[in-house]
Amino acid sequence: MIYNRRKFIKQSGLMAMGTGASFLFPMELLASMRANISPNDKIGVGLIGCNGMGFSDLSSMLKMSEIQVVALCDVDDSVLKKRTADLEKAGIKKPKLYKDYRELLEDKDVDVVIIGTPDHWHCLQLSDAVKAGKDVYCEKPLANSIEECNLMLNSVQASDRMVQIGQWQRSQPHFVDAIDFVHSGKLGEIRLAKAWAYQGWMGSIPVLPDTAAPAGVDYGMWLGPAPLKPFNTNRFHFNFRWYWDYAGGLMTDWGVHLMDYALYGMKANTPKSVMALGGKFAYPDDASETPDTLQTVYEYDGFSILWEHATGIDNGNYGRNHGISFIGNNGTLVLDRNGWEVISEKDKMQSIPLQKNQGNGLDKHTVNFIEAVKSRDDSKLKAPLKVGYDAALVCHMGNIAFKTGNRVYWDNTSGQFSDAASNALINAHYHNGWELPRG
């Protein structure tokens with residue numbers, strides 16, 4: 001079983017290497033990996049939000065033979081049908097199906113919950129899962145507002161639950177090796193760190209009319225606490241990312257992955273000030289709301305961090321469509337999902353050729369989570385909630401600076417900005433009878 005699992009992870013890792021969010025693999029191969037294990041050692045998993053990364057997270061966990069999927073929850077019947085069929089290909093019997101996540105949380109067979117829903121749902125679902133006594137693997141970004149991030153941090157810190165955020169690069173060895181090199185001091189004084197996502201595959205979102213929700217979709221439950229608006233396919237499933245009601249665009253989508261490592265490398269958290277410039281420059285008249293082009297500057301004592309993103313363009317910094325760089329007096333370290341290298345500054349140090357990615361970070365991340373669940377030791381977690389909190393906080397700050405059009409100043413003591421307009425954007429606003437979790 002161990003050999004088969006290692007071989008499987010290697011194969012699936014090669015397929016996922018260097019991609020943005022694709023961790024697809026043949027479900028039929030899972031059947032050969034799932035050896036018999038005592039029922040007493042089974043860990044029952046329930047998935048809330050079965051599209052995209054939610055199902056990728058579940059599939060990754062199912063490579064561990066002690067994992068048993070006992071429940072799926074999604075507002076779309078067609079998604080539940082498709083995922084049930086996918087699991088059958090792996091020889092996994094049909095799990096219990098729910099359309100209301102609260103019913104899944106009442107299921108005593110569920111030990112661990114995966115949250116793969118849109119960002120605007122994360123706060124309620126994670127808080128409710130922790131209250132229900134479940135351990136949680138929650139997709140990034142942590143939440144859709146700074147207020148929600150604060151509430152989630154408080155609720156998890158007051159509990160004994162294991163909570164891992166899906167910033168899986170924290171478990172990827174070559175990322176860790178790169179940061180060890182940054183922290184070694186060999187680059188000299190680092191005055192600037194950059195993080196960027198240039199996403200050439202992303203095109204225009206065409207303007208489409210509102211329609212009735214598809215048959216089998218509980219649209220009211222999909223909206224949840226978001227403002228009540230007519231159904232539009234542009235806002236549903238994957239493309240929700242480009243609408244402020246549900247998410248924060250590329251700044252919070254790719255940003256939390258890459259800004260996380262910029263912060264990690266610089267041993268930084270909240271900045272003194274933030275400036276952001278950008279807009280809908282590539283597709284000014286399409287249906288999306290979030291900027292397709294953005295530059296955000298974070299001010300710290302002695303250095304700055306620069307975030308950039310652009311859609312429809314692949315040729316980013318150093319010829320990479322995504323990455324992080326640490327620019328020091330002696331040289332620059334460049335890091336992305338394919339590997340890391342060091343470019344020397346003249347003759348001040350020796351360049352280091354590309355140190356390649358050697359495996360599937362998502363698999364390593366879910367294994368790390370389950371190890372923490374079994375040991376009940378949250379110090380083992382590679383991306384505990386605080387890691388997700390720090391990354392989400394600075395990304396939301398970037399969006400707030402963009403929305404206000406001002407240089408915004410942050411007071412770390414009060415946890416607020418220095419101006420009322422920016423502070424007004426800290427809070428979440430829940431609708432349709434839903435309320436922010438309290439206590």
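A salt bridge here is a side-chain nitrogen of Lys or Arg within 4 Å of a carboxyl oxygen of Asp or Glu. The exercises below use a predicted model, in which local features need pLDDT of at least 70, side-chain atom pairs count only at pLDDT 80 or more, and totals for chains, interfaces and linings use all residues. Residues are numbered from 1 along each chain as its sequence is written, and side-chain values use heavy atoms, with hydrogens and water left out.

**Exercise 1. Describe how domain 1 and domain 2 meet.**

Step 1: The assignment, whose bounds come from an automatic or database source, gives domain 1 as 24-169 and domain 2 as 177-359 + 386-425. Taken over C-alpha atoms, the centres of domain 1 and domain 2 are 25 Å apart.

Step 2: Take the contacts, meaning heavy atoms within 4.5 Å. On this basis 28 residues of domain 1 touch 36 residues of domain 2.

Step 3: Turn to buried area, the accessible area (1.4 Å probe) that two parts lose on being put together, summed over both. Domain 1 and domain 2 bury about 2700 Å² between them, with 62% of it on carbon and sulfur atoms. I146, Q167 and Q169 supply 25% of the area that domain 1 buries against domain 2, more than any other three residues.

**Exercise 2. Find the salt bridge between the domains, then describe the side of domain 1 that touches domain 2.**

Step 1: Count. There is one salt bridge between domain 1 and domain 2.

Step 2: Look at D253 and K140. Their side chains form a salt bridge, at 2.7 Å from N to O.

Step 3: Assign elements, using DSSP runs numbered from the N terminus (helices: H or I, at least four residues; strands: E, at least two). Helix 4 (77-89) and helix 7 (146-157) are the elements that give two or more residues to the side of domain 1 that touches domain 2. Helix 7 brings the largest share, four residues.

Step 4: Stay with K140 and check its backbone. A cis peptide bond joins K140 to P141, with omega about -10°. P141 sits in the loop between strand 5 (135-138) and helix 7.

**Exercise 3. Locate Y318 and read its phi.**

Step 1: Find the residue. Y318 lies in the loop between strand 10 (303-311) and strand 11 (322-328).

Step 2: Read the angle. Phi of Y318 is near 55°, a positive value in a residue other than glycine.

Conventions
Nonpolar A, V, L, I, M, F, W, Y, C, P; charged D, E, K, R; others polar.
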